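Visitor: I would like a close look at a single part of this model, with the cut-offs spelled out.

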Amino acid sequence: MTGPLPGDLPFLPYGRQSVEEEDIAAVTAVLRGDWLTQGPAVAAFERALAARVGAAEAVACANGTAALRLAYAALGIGPGDAVVVPSNTFLATASAARHCGAEVAFADVDPDSGLMGVAEAEAAVARARKAGWRVRALAPVHYAGQTAPMAALAALAQAEGLALVEDACHAIGTVDLSEGRERPVGAGRPEVEAGSLTVFSFHPVKTIAAGEGGAVTGSDPALMARVRRLCNHGMMRVPEAGEGFADPDAGLDAEGNANPWYYEMAEPGFNHRLSDIHAALVLSQLGRLDRLIGRRARLMALYAERLAPLAPLVSPPAQLPWCRPAWHLCAARIDFEAAGRTRSAVMAALRALGVGTQVHYIPVHRQPYWRRRYGDLDPSGVALPGAMAHYARTLSLPLFPAMADGDVDRVAAALEQALS
């Protein structure tokens with residue numbers, strides 16, 4: 001693996017969308033049709049997604065952040081409430097709760113997997129209650145495509161009367177095995193009486209892409225009806241089960257049917273709709289999800305082999321026993337201190353060799369907004385040590401379906417050279 005690398009190879013970003021001719025044809029068909037938004041492509045995608053993840057219903061929306069906001073809002077989370085969020089996540093898991101007026105109780109994570117477990121969630125709940133907050137929900141993040149230990153977290157949520165919002169923006173196609181049977185991520189946890197919703201993202205670096213897009217899945221009819229209303233300005237066009245029009249004289253005709261022009265707004269919502277253009281793209285990609293997952297799994301297996309000679313300085317992500325991941329990230333763990341190289345120097349060296357990398361993530365509790373709001377979370381000034389340890393060692397290597405097997409060799413050789 002030593003020696004100079006060829007200089008005429010294409011640059012390998014850490015992630016990239018996979019667009020094929022069938023995707024282009026699907027989008028072109030929408031552009032040539034009658035509906036660019038609020039049309040049949042959105043409804044078709046919602047049905048297909050719900051069927052794929054085993055949920056009763058899916059609501060498509062503009063992006064993963066919108067999906068999080070819709071989920072929190074549909075659960076009635078607001079001022080005085082708190083949501084438990086692992087610090088190792090993208091900004092949106094926390095900021096979407098804050099947009100609803102809620103506080104965020106940041107939880108630590110396992111330093112190796114980057115995932116929030118039960119002990120970390122319990123500690124965050126205790127801190128939040130000590131601060132006088134009313135904890136309403138757990139928001140576990142399925143980091144890099146692997147699930148948090150959901151059977152245990154669902155049991156905690158049920159015991160504490162908390163709702164569950166699974167941030168599965170990395171995990172479309174992942175299967176939870178934590179109860180000795182297969183449960184697709186997105187099927188939800190009906191046993192959690194306070195409410196169970198799952199959110200997805202279809203950003204271009206994710207396994208399937210809409211360009212920008214997201215979705216909320218769930219199986220509680222009333223809860224999903226509220227998600228759908230909030231996605232479209234809070235509008236209700238037809239009376240729903242258990243919730244008729246406030247003004248039936250205006251809304252219903254003589255036969256009791258909804259007047260075709262009529263709508264009511266019981267509460268303010270958002271314009272978080274997904275367009276048919278985006279829905280056509282992601283629906284096309286959903287049809288080959290298994291192939292995309294399989295290719296990513298093959299690349300991850302190659303990484304495990306090719307990075308092994310770089311141990312103990314480099315460790316590939318270890319697959320957890322309680323799930324079958326649809327890998328989103330190859331978040332390698334690197335002992336930069338032992339290598340005598342800073343992460344920025346290694347990233348710069350890799351970039352010079354044509355290899356792009358990224359860091360997932362800067363712990364959210366260390367962001368200036370949250371530090372101004374909450375300060376340091378313990379007297380030592382080093383809050384949430386697991387999240388900080390994970391951050392210190394993580395580096396996401398290229399992972400996308402268009403990579404060739406030989407590209408993994410190239411990345412491993414470049415990483416050896418960058419660390420030497």
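What volume does the second largest cavity have?

Guide: This is a predicted model, in which local features need pLDDT of at least 70 and side-chain atom pairs count only at pLDDT 80 or more, while totals for chains, interfaces and linings use all residues. Residues are numbered from 1 along each chain as its sequence is written, and side-chain values use heavy atoms, with hydrogens and water left out. The second largest cavity has a volume of about 40 Å³; a cavity is a set of points, on a 1 Å grid over the protein atoms alone, where a 1.4 Å probe fits but cannot get out, and its lining residues have an atom within 4 Å of a point. The volume is the space filled by probe spheres set on the points, which are joined across faces, edges and corners. Its lining includes Gln17, Thr207, Gln285, Arg296 and Pro401, and divides into five nonpolar, four polar and two charged residues, where Ala, Val, Leu, Ile, Met, Phe, Trp, Tyr, Cys and Pro count as nonpolar, Asp, Glu, Lys and Arg as charged, and the others, Gly among them, as polar. Because domain 1 (21-236 + 265-281) and domain 2 (289-419) both give residues to this lining, the cavity lies between them; the domain bounds come from an automatic or database domain assignment. These two domains bury about 3500 Å² between them, 58% of it on carbon and sulfur atoms, buried area being the accessible area (1.4 Å probe) lost on putting two parts together, summed over both. In domain 1, Thr207 is, with Phe106 and Gln146, among the residues that lose the most area to domain 2, the three together making up 17% of what that side buries.

How values were computed:
1 Å grid on protein atoms, 1.4 Å probe; cavity = no way out; pocket = protein on both sides within 12 Å on 5 of 7 lines; lining within 4 Å.
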